[in-house]
Amino acid sequence: MATAISSLVSIALVLLFSFVFATSADNHENFIQCLTSHSMNATSISQVFYTPNNSSYTSVLEFSIQNPRFQTPDTPKPLVIITPLYESHIQVAIKCGRNHGLQIRIRSGGHDYEGLSYVSHVPFFILDLINIRSISVDVENSTAWVQSGATLGELYYRIAEKSKTLAFPAGICSTVGVRGYFSGGGYGMLARKFGLAADNVIDARVIDVNGRILDRESMGEDLFWAIRGGSGGSFGVVIAWKINLVQVPSIVTVFSVPRTLEQNATMLVHRWQYIADKIDSNLVISVTFNTVNSSEEGNRTVQARFRALFLGRTDELLSLMQKNFQN
């Protein structure tokens with residue numbers, strides 16, 4: 001009797017997995033057909049999607065995965081990866097995803113350590129914005145339009161090409177994609193004086209679930225508020241951001257100073273905690289901790305590393321530091 005039940009369970013499992021596999025295969029084929037049939041240029045869109053049968057599929061998938069946890073064989077994989085060239089490609093992908101019950105995952109720089117931009121436990125496809133990355137800087141009005149596939153490093157480079165006294169308050173990791181960074185708020189070394197990256201977003205272009213392209217005026221202030229810190233991928237595909245650029249001196253000062261417990265790190269950190277939020281807003285000092293070998297052989301100790309950015313010259317900074325760290 002037990003053997004018969006076991007056999008029935010095995011047969012049921014085989015049928016279940018066969019059904020799931022067949023359903024996924026059908027979704028995949030129908031989705032591909034939908035993409036080509038609804039695109040204004042079928043040849044164009046066929047050149048920007050990758051299926052597991054494509055020789056470039058794995059390299060495209062893993063190109064910007066920053067967390068190796070999600071590069072394992074048992075990590076759920078997308079049925080299709082789309083790397084759109086035009087806004088129309090994104091509109092078609094959204095429509096076909098809805099029609100065929102596929103979840104969409106939107107990826108920019110890939111610095112999503114939870115894998116939310118390239119992993120799902122239901123049938124899904126990745127919309128990788130790697131080709132949607134143009135940047136246009138308007139020096140006269142101190143603004144820029146940045147497409148969502150660009151990285152912070154590319155944004156900084158394009159601003160520096162046009163001006164030595166304009167900047168944007170964002171992070172220090174150059175390979176982070178602007179879409180995830182802006183939509184998550186965006187804290188950086190200029191935040192004390194100029195606020196978060198999201199505070200300096202003044203307009204955006206979003207493709208909603210119905211394929212409409214909306215700007216700040218047409219989307220309304222509620223949605224515009226939500227995409228700046230509330231995870232833009234939850235409300236549509238943000239394809240571009242208009243940002244406000246800020247004025248900075250042409251010469252700034254940075255430093256990175258490590259101190260161990262034996263080098264009075266405890267007192268310095270204690271002092272830093274009291275002055276970090278009160279010191280001149282042109283100065284930001286961050287502290288990170290790790291363990292290192294101490295000067296005594298075989299012992300480990302804690303090291304505090306103080307990293308700072310000051311919007312001014314070295315002599316001004318030295319005076320400021322002496323005044324606030326004199327004790």
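Guide: A residue is called buried under 20% relative accessible area, exposed over 50%, and partly exposed in between. The model shown here is a predicted one.

Visitor: With these limits, is R205 buried, exposed or partly exposed?
Guide: The relative accessibility of R205 is 29%. Buried requires a value under 20% and exposed a value over 50%. R205 therefore counts as partly exposed.

Visitor: With which residue does R205 form a salt bridge, and what parts does the pair tie together?
Guide: Side chains of opposite charge can pair when their charged atoms come close. The closest N and O atoms of R205 and its partner E87 are 2.8 Å apart. Because R205 lies in strand 8 and E87 in helix 4, the pair ties together parts that are 118 residues apart in sequence.

Visitor: Is D277 buried or exposed, and what of its partner K278?
Guide: D277 forms a salt bridge with K278, with the closest N and O atoms 3.2 Å apart. The relative accessible area of D277 is 55%, and K278 has a relative accessibility of 62%. Exposed means over 50%. D277 is therefore exposed, and K278 likewise counts as exposed.

Visitor: How many salt bridges does a search of the whole structure find?
Guide: The pairs discussed above include R205 with E87 and E154 with R133. A search of the whole structure gives a total of 7.

Visitor: How far apart in sequence are the parts tied together by C34 and C96?
Guide: A disulfide is a covalent bond between the sulfur atoms of two cysteines. C34 and C96 form such a link, with their sulfur atoms 2.1 Å apart, and both residues are buried. C34 lies in helix 1 (residues 2–38) and C96 in helix 4 (residues 87–99), so the separation in sequence is 62 residues.

Visitor: What is the handedness of the link of C34 and C96?
Guide: The structure holds 1 disulfide. The angle about its S-S bond is -85 degrees, and the link is left-handed.

Visitor: Which residues have the most contacts inside the largest nonpolar core?
Guide: This core has 28 residues. Among the elements that give two or more residues to it are strand 8 (201–207), helix 9 (221–227) and strand 10 (237–244). Apart from it lies another core, of 24 residues, including I32 and C96. In the largest core, the residues with the most contacts are F168, F182, I227, W241 and I243.

Visitor: Which residues make a nonpolar surface patch of about 270 Å²?
Guide: One member, V302, has its place in strand 14 (residues 300–310). With a relative accessible area of 35%, V302 falls between the limits of 20% and 50% and is therefore partly exposed. The patch is made by L261, F289 and V302.

Visitor: What share of the 327 residues in the protein chain is buried?
Guide: The chain has 11 helices and 14 strands. Its accessible surface comes to about 17,800 Å², of which 54% belongs to carbon and sulfur atoms. Buried residues make up 44%.

Technical notes: Residues are numbered from 1 along each chain as its sequence is written. This is a predicted model: local features need pLDDT of at least 70, side-chain atom pairs count only at pLDDT 80 or more; totals for chains, interfaces and linings use all residues. Side-chain values use heavy atoms; hydrogens and water are left out. A nonpolar core is a set of buried Ala, Val, Leu, Ile, Met, Phe, Trp, Tyr and Cys residues joined through side-chain atoms within 4.5 Å. Buried means under 20% relative accessible area, exposed over 50%, partly exposed in between (1.4 Å probe, protein chains only). Helices (H or I, at least four residues) and strands (E, at least two) are DSSP runs, numbered from the N terminus. Accessible areas come from the Shrake-Rupley method with a 1.4 Å probe; for residues, only the protein chains shown count as cover. Patches are made of residues with over 30% relative accessible area and no salt bridge: like charges are joined within 9 Å, nonpolar side chains (Val, Leu, Ile, Met, Phe, Trp, Tyr) within 5 Å. A salt bridge is a side-chain nitrogen of Lys or Arg within 4 Å of a carboxyl oxygen of Asp or Glu. A disulfide is a pair of cysteine sulfur atoms within 2.5 Å.
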